[in-house]
Amino acid sequence: MPLTNLPAFAPDLVADLEGLGTERVDTPVIQPAEPFLDMAGEDLRRRIFMTESETGKSLCLRPEFTIPVCLRHIETATGTPRRYSYLGEVFRQRRDGANEFYQAGIEDLGEPDIARADARIVRDALHVIGNRLPGMALSVTLGDQGIFEAVVAACGLPAGWQKRLIHAFGNPAQLQKLIADLSDPAPSGVFGPEVERLACLGILDDEAKLIAHIDATMEATGYSTNASRGPAAIARRLREKRELASTRLDSRTLALLKEFLALELSLADAPQALAAFAEKARLSLGAALERFDARVTALREAGVDPATIIYRAAFGRPLDYYTGLVFEITPAGEMSVLVGGGRFDRLLTLLGAKERIPAVGFSLWLDRIASAGGVAA
């Protein structure tokens, strides 16, 4: 399909972004694929357009801007705090719309006051979209990855299950499937007769014996090994999978998890509702609730009324790098996302930054905004 034309409002949008104290940056269209494959989430990974260099290095067409902007920041050794803005093409397969389209946005890196930065990014997103669509009623939905992680941890699940559930946050179908699996663990025999035989012999519960058994089997069959798939790694993964398959949530914990995920109410009322839930469930969510409350207060101070925002406990975004705040803006009563963003404090360290850099940002979908406003491209 032909490249989506740049909307007529683009120059005013750029001026808005720069007026918010940002530095305009651009990044190459051709990007190393590895960071996206490792960190961008399953939903985005399967939509990426891949290619390869002459030397066999995996490359891709730029599918989004957050990772490239963060890589650029690390490579240029620029100090923080720093606010970047961008506008350019991204390339990824979509269910609706062209596979080549424009996005713009802000990445706010290094602000130590997390609540203030979160409130500012939501305020800035509302400011920019409001200027593009004056008078249009908008709906803002907010979630919090940190609150979800705190609830999962407080439920006392094994680390493997916590990791699975957190990874599924933002994907309702996958999350519901995992919860269903927790209520009905895999039956005996699911791993095959050989694994069940090892379990009966007690080998599966003795890590040293299991590693020795796998090592002997691999040597006898001529199976080649590497660092990531050696006997110790295979044994560890097998034991973890068996523990996950046999874990079953008690009815009370399962009900609490479902009750939490069903929470949906005004953000103004959310701090009290979350505190009441934690007290009723006898879950310790102290630090996560303090961060949540501080964000609500900071939004008020930034001039954003929390009563105009919906908090949904189950709301996340299907990108692996989000860590706290997640939000999106749509036309009121519609599903089309015009703006999406959130906090990604772990990302820059994973990309190679020597120090932890807190980060938050948002992206605007320019073709959707143009369609919503009836703007000519």
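Modeller: A salt bridge is a side-chain nitrogen of Lys or Arg within 4 Å of a carboxyl oxygen of Asp or Glu. This is a predicted model, so local features need pLDDT of at least 70, side-chain atom pairs count only at pLDDT 80 or more, and totals for chains, interfaces and linings use all residues. Residues are numbered from 1 along each chain as its sequence is written, and side-chain values use heavy atoms, with hydrogens and water left out.

Colleague: How many salt bridges are there in the whole structure?

Modeller: The search finds 21.

Colleague: What does R82 pair with?

Modeller: R82 forms a salt bridge with E23, at 3.0 Å from N to O. R82 sits in strand β5 (residues 82–91) and E23 in strand β1 (residues 23–24), so distant parts of the chain are linked, 59 residues apart. Helices (H or I, at least four residues) and strands (E, at least two) are DSSP runs, numbered from the N terminus.

Colleague: Where does E328 find its partner?

Modeller: The partner, R317, is in the loop between β9 (309–312) and β10, while E328 lies in strand β10 (residues 325–331). Their closest N and O atoms are 3.4 Å apart. Both E328 and R317 are buried.

Colleague: Which residues join into one network?

Modeller: R83, D108, E111, R116, R120, R123 and D124, through salt bridges that share partners.

Colleague: Changing topic. What does Q145 contact?

Modeller: Leaving aside neighbours within four places in sequence, Q145 contacts I166, F169, Y322, T323 and G324. Contact means heavy atoms within 4.5 Å. Q145 is in helix α6 (residues 145–154). Q145 counts as buried because its relative accessible area is 5%.

Colleague: And T330, where is that?

Modeller: T330 is in strand β10. At 6% relative accessibility, T330 is buried. Beyond neighbours within four places in sequence, T330 contacts L138, S139, M335, S336, V337 and L338.

Conventions
Buried means under 20% relative accessible area, exposed over 50%, partly exposed in between (1.4 Å probe, protein chains only).
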